[in-house]
Amino acid sequence: MATEGTAAPAGAPPAQASDQAATVPPNAPTTSTTEPTQLTGAQLKAKAKAEKAARRAKVKEVKEAVAAAQPAPADAKGGKGKGKDGSQTLGPQGQGKAGLAHRPSMNGRRPSILIVEKDIRSSIPECFSHLPMAKRIHPSHAHKDVHPAVLTVGQQMATFAIKDSIARLEATLLAFRKVIESYETPKGNSLSRHFVPHVLNPQIEYLTECRPMCFSMGNAIRLLKTKVNSFDIDTPEDEATEGLLEMIDLFINERITLAEFVIARNAAKQIQEGDVVLTYGSHRLVEKTLLRAKNNGQSFSVSIIDDPYDRGGQVMATALREVGIRVFYSPNLGGLKTNVERATNVLLGAEAIFANGSLHAAAGTADIAVAATAASKKVVALCETINFDRERVSVDALTYNEIDPEQNSAESFRLLYDTTRDHYITGVITEFETGTGNSPAQAILALLRKQEDPALN
Amino acid sequence: MPHAVTTATPGLQALILCGPGSSFPTFTANPDENPKALLPIANRPMVWYPLEFCYRAGITNITLICPPSAAEAITTALNTNPFLTSLPYPKADLLSPKDLDQNTGTAQILRLPEVQALVTSDFLVLPCDLVCELGADKLLQAWMVKSVSLASLLSHSGSPRAPASGGLGVWYPTKTATPVKGEETDFTAVVPLPPSSVLAPRGSLFPHMSKVVYSMPTDSRKDLVEEESGFPVRNSLLKTHPRVRMLTTHRDAHFYIFPRWVMDFIRENEALETIGEDVVGWWVKAGWQKGLSTKLGLDEILGHDKDDESKEEDKSGAGSTPSPSKSAAAAGQTQSVTVKDKAEQARKSESTLAGPSSSGPLVPPMLAYIHPSQPAPSTGSTTTTAAPATIIRRVDTSQLLLQVSLQLAKLPSIEEVGPEAASPFAHPRKVAYPEGVKPRTTITKVDSLVADNVTVQEKSSIKECVIGANCQINEGAKLIQCLLMDGVVVGKNCKLTKCILGKRSEIGEGCVLTDCEVQENMLVERKTEAKEEKFMSSSGLEATEQDLEGYAEDIGEDDAGED
């Protein structure tokens with residue numbers, strides 16, 4: 001076996017010495033049993049030394065056997081281990097010995113290195129094994145084809161510096177833009193064949209390793225891949241690159257920037273003078289709406305209920321205070337009934353909307369929606385159409401969710417999202433112009449179906 | 001065979017500054033033949049440590065910068081030294097700008113045209129004498145998340161100018177379990193980062209990160225206090241940052257991650273001489289001192305117009321006109337934009353940590369990772385203080401050299417604990433050439449390190465030492481807490497305690513030396529007894545004609561030669 005062969009030289013001299021010495025003591029004891037007085041001090045010493053060497057050789061063998069039995073981790077450690085062990089063993093020895101970690105590297109493309117996957121999830125019960133959790137790999141464990149911009153974006157996502165789906169989507173698309181800009185098709189390949197499997201997929205895998213993808217990222221990547229596949233194999237590279245860059249720019253402009261503006265404008269129309277707007281946590285659409293309404297000259301107050309584990313509401317409260325909006329802040333869901341009774345409107349931001357109209361939003365949103373509906377208040381959700389997922393359906397919070405990587409143990413873990421059934425939502429505001437203002441989610445989904453199906457070819 | 005680095009590259013390039021080592025009088029008396037960068041720490045040349053640090057982080061674009069006079073020695077070492085040649089590909093480049101000599105300040109090095117042309121992206125600056133066991137990828141992660149402005153990283157030609165990225169530096173405590181007398185410290189004032197709503201990931205460095213607001217070496221601070229008879233603190237500093245924490249016994253590790261614009265900053269300001277004191281010092285001051293950023297030219301460099309502070313805000317261009325000034329009493333027609341600006345500014349100053357200077361554009365922050373002096377208790381570990389903290393040390397005096405070498409010698413070898421648990425600085429074996437060690441010798445393996453091809457004769461005792469390659473320890477020698485470089489011959493029955501012996505030196509029989517340093521190629525006569533002496537040759541210290549005339553003018557100037 002290669003491992004033992006290559007690792008053996010390190011242990012060979014003592015092993016050989018022990019073999020040679022081992023042949024001596026078997027003779028010595030046999031003679032010693034017959035003539036015990038003939039064992040001199042030197043022979044005793046030789047015996048002791050041989051036994052020690054034999055013990056050492058055995059320990060080494062055990063280690064080699066263990067390492068040989070697990071080629072995968074050693075291979076996976078290749079990137080890191082090679083740097084460490086290779087330089088260590090070669091240096092002082094001065095001979096061409098190869099350390100344990102010198103295996104033939106990479107058969108084809110291997111994914112980013114996962115070292116501690118099992119450790120993170122080991123405490124979570126089997127029945128929840130379908131719930132993903134951010135694995136947060138370090139930059140040094142990423143596959144070597146990952147672009148530096150993508151590396152940075154991935155780290156920011158992994159450490160939750162950018163959290164909400166639109167920010168992640170935008171960062172991802174801009175990072176992919178950099179990748180495309182710096183991409184050069186190798187000779188004999190064409191962009192449409194080479195780009196996705198060899199260049200784009202490692203980036204996507206790395207980002208997924210940092211944190212599981214959100215729906216909008218999945219949608220956008222699917223559109224990108226479709227566009228790449230739509231190119232002819234003969235299309236010149238410049239044209240193809242231009243086309244991709246244009247598509248990304250258009251996408252960002254239309255479905256993120258413009259959508260944000262339109263949603264904020266539409267939703268701001270709904271806020272009347274003297275309203276008390278209730279919202280949960282911090283969401284960029286809600287914030288933009290409120291600022292917009294203030295710009296329009298309305299005077300209203302805002303009641304923010306915050307997630308106790310993730311105090312994003314405080315940042316939004318400060319931002320709103322800067323422009324002179326009166327803010328009521330509640331640090332958790334305590335006193336929800338009172339807060340809801342005081343409010344006139346409820347504005348909620350969403351991460352995604354499923355095909356059955358359910359809202360996928362930060363954990364705690366469902367409580368607000370239920371309480372508000374019970375108090376007969378209008379609940380309006382704000383969501384861009386890129387966040388609509390027409391393939392998945394959810395009726396509870398346990399089907400699609402994500403476990404908080406910082407708060408999980410064998411006894412309990414925290415989930416990041418929850419699902420609000422559609423009968424608790426009065427209306428959804430998206431970037432589609434609607435005359436009346438509120439449209440139930442189903443209407444929007446129907447519109448999307450009509451719009452996107454002919455566009456996808 | 002050395003292999004190629006197989007991890008992702010973070011798109012940074014590294015500069016390792018190999019200076020002359022003026023604090024090492026014994027061993028770098030000849031900085032051209034024996035540059036400080038090649039002095040051995042735990043039997044590896046000093047420059048191996050920063051190089052290995054970069055490779056561990058996945059950085060492959062590494063350049064060593066040294067004066068042209070030392071270039072030959074370093075090139076030879078890079079090609080022949082077994083440690084340096086076993087570093088992974090791609091190999092580090094060596095740059096010797098022609099205007100660089102032994103006295104150039106570190107910022108002046110970065111101002112040289114060759115170096116300016118070399119640096120094209122965000123870059124790391126490392127000194128050649130940094131021993132840092134902490135994973136560079138953690139520092140990179142901290143920089144990527146806390147300092148880098150994503151908008152500037154991802155901006156392209158069509159997008160508006162985004163706020164620039166900040167920098168990152170590392171400070172380590174000098175009052176550790178093994179303090180070294182006379183170690184330089186830096187005086188730094190830091191403020192905590194704005195609390196983020198998200199818990200920092202386990203094992204990340206974020207809990208130890210702060211923002212630097214004042215930085216100055218202790219010597220300069222002492223001079224300042226003497227001049228002003230007191231330590232003056234500007235009011236604007238306290239107004240901007242009411243909670244300031246001042247560190248007096250930490251030291252700047254001189255490891256910096258700088259964004260690209262710092263090169264322009266250095267180029268524009270000729271007065272900056274050193275990175276640690278001047279570049280970082282003035283940069284962080286510009287964050288809170290009004291008007292300083294304009295004086296330093298940061299406005300143009302960072303692409304800010306004085307009148308426009310909300311550049312990256314409205315990409316859709318919907319109704320955003322540059323706001324004339326920040327005061328809300330601006331013209332009524334811009335009132336709508338002002339509301340957004342103020343909210344943006346509030347958001348920005350929360351999330352981007354940039355100095356909220358009311359009179360100028362936001363200066364990106366310089367962040368500091370303050371290395372904790374006690375290791376953080378890891379979950380589930382039963383040993384509390386038994387595990388030593390990761391080593392971050394700058395090795396620029398001989399005492400530090402000895403200390404750090406001995407500290408590294410205590411690391412268990414790879415043979416003992418296996419490749420995963422071993423520190424990146426562990427050697428494969430504590431005694432590399434056990435056949436050279438004759439019987440009836442004592443070598444305390446747990447805290448000694450013996451390199452290749454060392455012959456140790458009988459009846460000698462080696463306790464807590466680091467012995468370089470090709471040394472000969474003769475009979476009856478007793479070495480305690482010594483550092484021997486390559487090729488040293490220790491005579492019979494010597495007793496050496498806390499000594500540092502340079503390359504190819506020879507100690508005669510029966511010497512008793514304590515706390516001594518012996519320069520390379522020196523011979524110490526037999527039966528010498530010495531305490532706290534430095535054995536140096538006086539060649540190179542001979543006075544030239546000019547010096548003699550100069551001395552004739554001065555009164556009572558003693559010659560500096562020692563023997």
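Select L238(B) first. At 42% relative accessibility, L238(B) counts as partly exposed (buried is under 20% relative accessible area, exposed over 50%, partly exposed in between, with a 1.4 Å probe and protein chains only). L238(B) sits in helix α9 (residues 235–240) of chain B. Helices (H or I, at least four residues) and strands (E, at least two) are DSSP runs, numbered from the N terminus.

Before moving on, note that this is a predicted model, where local features need pLDDT of at least 70, side-chain atom pairs count only at pLDDT 80 or more, and totals for chains, interfaces and linings use all residues. Residues are numbered from 1 along each chain as its sequence is written, chains are lettered from A and ligands numbered from 1 in the order in which they are written, and side-chain values use heavy atoms, without hydrogens and water.

With L238(B) they form a nonpolar surface patch, with about 230 Å² of accessible area together. Patch members have over 30% relative accessible area and no salt bridge; like charges are joined within 9 Å, nonpolar side chains (Val, Leu, Ile, Met, Phe, Trp, Tyr) within 5 Å. Accessible areas come from the Shrake-Rupley method with a 1.4 Å probe, and for residues only the protein chains shown count as cover.

**Loops of chain B**

Go to Y89(B) and P90(B). A cis peptide bond joins them, with omega about -5°. P90(B) belongs to the loop between α3 (82–85) and β5 (93–95) of chain B.

Next, N470(B). Its phi is positive, about 60°, although it is not a glycine. Look for N470(B) in the loop between β18 (466–467) and β19 (472–473) of chain B. N470(B) is partly exposed, at 44% relative accessibility.

Then K498(B). This non-glycine residue has a positive phi of about 50°. Its loop runs between β23 (495–497) and β24 (500–501) of chain B. K498(B) is partly exposed, at 35% relative accessibility.

**A strand of chain B**

Select V190(B), in strand β9 (residues 186–192) of chain B. V190(B) is buried, at 1% relative accessibility.

**Helices of chain A**

Switch to α6 (residues 148–158) and α7 (residues 165–181) of chain A. Their axes come within 9 Å and cross at roughly 165°. That makes α6(A) roughly antiparallel to α7(A) (under 35 degrees is roughly parallel, over 145 roughly antiparallel, 65 to 115 roughly perpendicular, the rest oblique). Axes are lines fitted to C-alpha atoms, for helices over the stretch in contact, and angles run from 0 to 180 degrees between N-to-C directions.

**Salt bridges**

A salt bridge puts a side-chain nitrogen of Lys or Arg within 4 Å of a carboxyl oxygen of Asp or Glu.

Select E260(A) and R284(A). They form a salt bridge, with the closest N and O atoms 2.3 Å apart. E260(A) lies in helix α10 (residues 237–269) of chain A and R284(A) in helix α11 (residues 284–295) of chain A, so the pair ties together parts 24 residues apart in sequence. E260(A) is buried, at 9% relative accessibility. R284(A) is partly exposed, at 23%.

Centre on R414(A). D307(A) forms a salt bridge with R414(A), the closest N and O atoms being 3.1 Å apart. D404(A) also bridges to R414(A), at 2.7 Å. D307(A) and R414(A) are both buried, and D404(A) is buried too.

Finish in chain B with E183(B), E184(B), R251(B), R393(B) and D396(B), linked in a network of salt bridges.
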